[in-house]
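Let's take a walk through this structure together. Please have the viewer open and follow along as we go.

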Amino acid sequence: MHDSAPIRLATRRSPLALWQANWVADQLLQQGHRTELVLLTSRGDTDQAPIDGTRGVGFFTKRIQQALVEGEADVAVHSLKDLPTDPDERFALAAIPPRAAVGDCLISGSDHTLADLPNGSVIGTGSRRRAAQLLHMRSDLQVRPIRGNVQSRLEKLASGEFDAIILAEAGLSRLEMTQHVTERLTLEQMLPAPGQGALGIETRADNPIVTSVLASLDDRETRACVTAERTLLSHLSGGCLAPIAALATVAGDQLTLRALVLSTDGKTRLEHSAIGAIDQPNELAVEVGNQLLSQGAEPLIKEAR
Ligand SMILES: NCc1[nH]cc(CCC(=O)O)c1CC(=O)O
């Protein structure tokens, strides 16, 4: 790469994706690197049908990765929770910056909290993880699929199609839309998806110059946490669509991983957490995963396919 050539960042066009790519551009500019954005449209943006089965894996991320393969861009900026866990030796996850808010929020049209939403309220979410945790607490709720970016989901809520929706706090706060939040759900109510609130910044595995530039954006603690969460997900052979929740946190040199596997109807909820060393996230993930498998996680994950 010539010194004066800008680093090309591939991103989707949604306001959240653009915010995230611009954030990476700002960080790189602070290190003295010029960038330019390469705007792409993914199938996840154009196809509004509910995401089902394996059809949805990599929906948001494949088009961005293709730009790396074809040399249209040097860097791919992803929401880490949308990035499939299966290893792909063509790419390097060169940076995982410090994580934003990890949790989920309830946004209700009528300002009701989760506990006092009227019986039978209609909740919009396409996530089996969110649906199962909602139904576990409130089996009376009706969960219906919703697609589209954060803004269009809020518009669907405003139109009265749903009584409430669930969105990640990270996306809302990046878009400065937290004024819409009715209730920040606790981790007991709603454990997040593996990687939620974190960015994954990829480059081609054969691009050592950009890999070393990106290394300055990496956060060791966030990487340890999301590595544990993502290894757990792949150990349970669950994609982003499985009713699996996981959150790792760091205290000193210790990594705590807490995870859930639920049945789609929320009636069965398996939970396990364990503590390990910050530099052994994979070992911790396998331990927690095996414990959940011994509790009977496998049929719950298969049921959801
Ligand atoms: N699947 C869509 C998606 N991917 C990342 C985010 C928000 C940012 C994040 O969770 O990291 C969202 C929207 C949402 O879940 O509310």
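This is a predicted model: local features need pLDDT of at least 70, side-chain atom pairs count only at pLDDT 80 or more; totals for chains, interfaces and linings use all residues.

We can begin at the ligand. Its surroundings are formed by Ser79, Lys81, Asp82, Val150, Leu167, Ala168, Ala170, Gly171, Gln196 and Gly197. Sorted by class, this shell holds four nonpolar, four polar and two charged residues. Two elements, strand 8 (164–168) and helix 6 (169–174), each contribute at least two residues to the shell. Where does the ligand sit relative to domain 1 and domain 2? It lies between them, because domain 1 (7–97 + 198–218) and domain 2 (104–184) both give residues to the shell.

Now turn to the interior. In soluble globular proteins, nonpolar side chains tend to be buried together. Here the largest nonpolar core has 82 residues, and those touching the most other members are Leu9, Val75, Ile165, Ala228, Leu232, Leu257 and Val261. Take Leu9 as an example: leaving aside residues up to four places away in sequence, its contacts are Ala21, Val24, Ala25, Thr35, Leu37, Val38, Ala73, Val75 and Val77.

Helix 8 is mostly covered, with twelve of its 16 residues buried. After helix 8 comes Ser237, which has a positive phi near 40°.

Definitions and conventions: Residues are numbered from 1 along each chain as its sequence is written. A nonpolar core is a set of buried Ala, Val, Leu, Ile, Met, Phe, Trp, Tyr and Cys residues joined through C-beta atoms within 7 Å. A residue is buried if 20 or more other C-beta atoms lie within 10 Å of its own, exposed if 12 or fewer, and partly exposed in between; C-beta atoms are placed from the backbone. Two residues are in contact if their C-beta atoms, placed from the backbone, lie within 7 Å. A residue is near a molecule or strand if its C-beta atom, placed from the backbone, lies within 6 Å of it. Helices (H or I, at least four residues) and strands (E, at least two) are DSSP runs, numbered from the N terminus. Ala, Val, Leu, Ile, Met, Phe, Trp, Tyr, Cys and Pro count as nonpolar, Asp, Glu, Lys and Arg as charged, and the others, Gly among them, as polar. Domain bounds come from an automatic or database domain assignment.
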